Amino acid sequence: MQDDEIMDLYVKREEAAICETEKKYGGYCHKVAENILHNKEDSEECVNDTWLKAWLAIPPARPTHLKFFLAKITRNLSFNRYKEKHARKRGCGEMTEVLDELGECLSGSSDVETDYLAKELHDTINNFVRSLPERDQTVFIRRYFFVESISEIARRYGLSENNVRVVLHRSRGKLKRQLEKEGYLL
Amino acid sequence: MNREELFEEIGELDEELLLQSEAPKKLGGLTWKRWAYIAACIAVIAVMAISYQIISNKGSSYTADSQQEGTSSDNQAGNSIENEEFVSVQYLLRTFEEGQESKLIEDQDDGLLQEGLLQETKKYITNTGDTQEESLLTGRDIPVGKHKAVYREVESAGREILWRSLGRPIAGSDCFYYVSGHKDMQYLISLKDDELSLWEFGYFQDEEYPYSDVLELVYDIHSADDIEKVLSKPADIDNSDQGKALQEEIGNLEITDREDIETLYQILTSLTCLGGDEHWELKVNLGDDLNHGGINAVWRGRYLSITTAWGNVINTMKYTAFSNMFYEYDGIVYKKLSEQQANDLERILQISSEPAPRLEHE
């Protein structure tokens, strides 16, 4: 079923909307959750919660790309679940590494909370990612949005793992400089 | 902002960006546009070179064609270099602006970033008071024949010069290229999307390997004929007034005698390298001691610069007559020479077996 048809079901408040969404994007959202949580039960719960959130959001929302709209919900839910679990015990797997890597973008800055406008930071990060060359952009998104492993990214795009690491390292350096320039880092 | 918040913000990326990241594509290697650009650059350079040759009637200077004559080493990349314009490496190594000198003021290892990558930051101050900072990377697992090699990024000329100097790709690597017109791999150019950088050979990652592999595979030296000259300088281990005076007394020695170069070549090809080791100084006795500082090390140590027939300079080899051993920085050590080899070498390098002159007056 096409995305437009699925969204029409949401608008008409027909429960088939959830079935069709799960049929089309269940596996995809599960992968997004699994990358972060590395736990089947937790991933399944987050995916189920995704359908509920989508049901509550559409309408009035009518996303252009339903797939990524759902991916974002799943990602947020999964990350919240990760934080809850991480608070109780040390995390493991890809998520910890990804957070450590992103921490490099902020290293050296003060721990003092900075008030920032979410909208401005949203624009900054989008503009930054857009400014990257195509390969660097793709690798950055696969790693820091989708939390894919280095080896998976390398395999997917025909790169060596070393290349992927170098690309990510340089992108993080550029992001750090951009955040410093725009005053997000003290 | 903390890292969790940054992660959450990345979650708000525009959906068109996410869509682009999912489009099936291979990101390694060059796109057809880049090949077209490189082909156009090579064509322009070739036309200019032909025009220059016609005008200046040059015929005896060293070219890529003559470099190929008499050699039997394989072209690793499987591509011909016949269409490449030879580029001198000295042209690629970075020089500061005319009249500006620089001094290294800080050299810091930023540490191991990830497996296979080490970042080093160097800070320079120029004679005009400006400071410059260079962050250079060390790369591992670069294929050189049957070996994996460590290369270090070096300061280089600008992007346009590196573009014009790009040669054929290195077999087994998705981002390293020969310098145009070269068969040696002493320096390589890295092309990663739009970024270009110059890299210098460090060492092989094997625990032990014959230096003849380095000579042939990296430096393209297959006989003494490939060596034009060798410059021998005293080791600058002791830079006290006394040490500097002794260095000046010893002086530099340029070796051009063909028999001496043949002897040196035979010694070099017999060497076995023991690979990088952080504690190499424990293996190599340089002769410096508590009573006389580095005077002995200066007196009996030499740093060599080997100039190849095509103008490359190899200046990593160091020798100490205290241990009869060659060594390099970064912990690279070579097995001890035989007594005959040591005698021959010390004759050629004019290393005296007498005590250092200053010590006689103590």
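Helices (H or I, at least four residues) and strands (E, at least two) are DSSP runs, numbered from the N terminus. The model is predicted, so local features need pLDDT of at least 70 and side-chain atom pairs pLDDT 80 or more, while totals for chains, interfaces and linings use all residues. Residues are numbered from 1 along each chain as its sequence is written, chains are lettered from A and ligands numbered from 1 in the order written, and side-chain values use heavy atoms, without hydrogens or water.

Three cavities of 30 Å³ or more were found. A cavity is a set of points, on a 1 Å grid over the protein atoms alone, where a 1.4 Å probe fits but cannot get out; lining residues have an atom within 4 Å of a point. Volume is the space filled by probe spheres set on the points, which are joined across faces, edges and corners.

The largest cavity holds about 70 Å³. Its lining draws on both chains, including A:Arg135, A:Asp136, B:Lys192 and B:Glu195. Helix 7 (134-144) and helix 9 (161-181) of chain A each supply at least two lining residues, as do strand 7 (187-192) and strand 8 (195-204) of chain B. Helix 9 of chain A gives the most, with three.

Strand 8 and helix 7 (211-218) of chain B each supply at least two. Strand 8 gives the most, with three. Seven lining residues are nonpolar, two polar and one charged.

Conventions
1 Å grid on protein atoms, 1.4 Å probe; cavity = no way out; pocket = protein on both sides within 12 Å on 5 of 7 lines; lining within 4 Å. Nonpolar A, V, L, I, M, F, W, Y, C, P; charged D, E, K, R; others polar.
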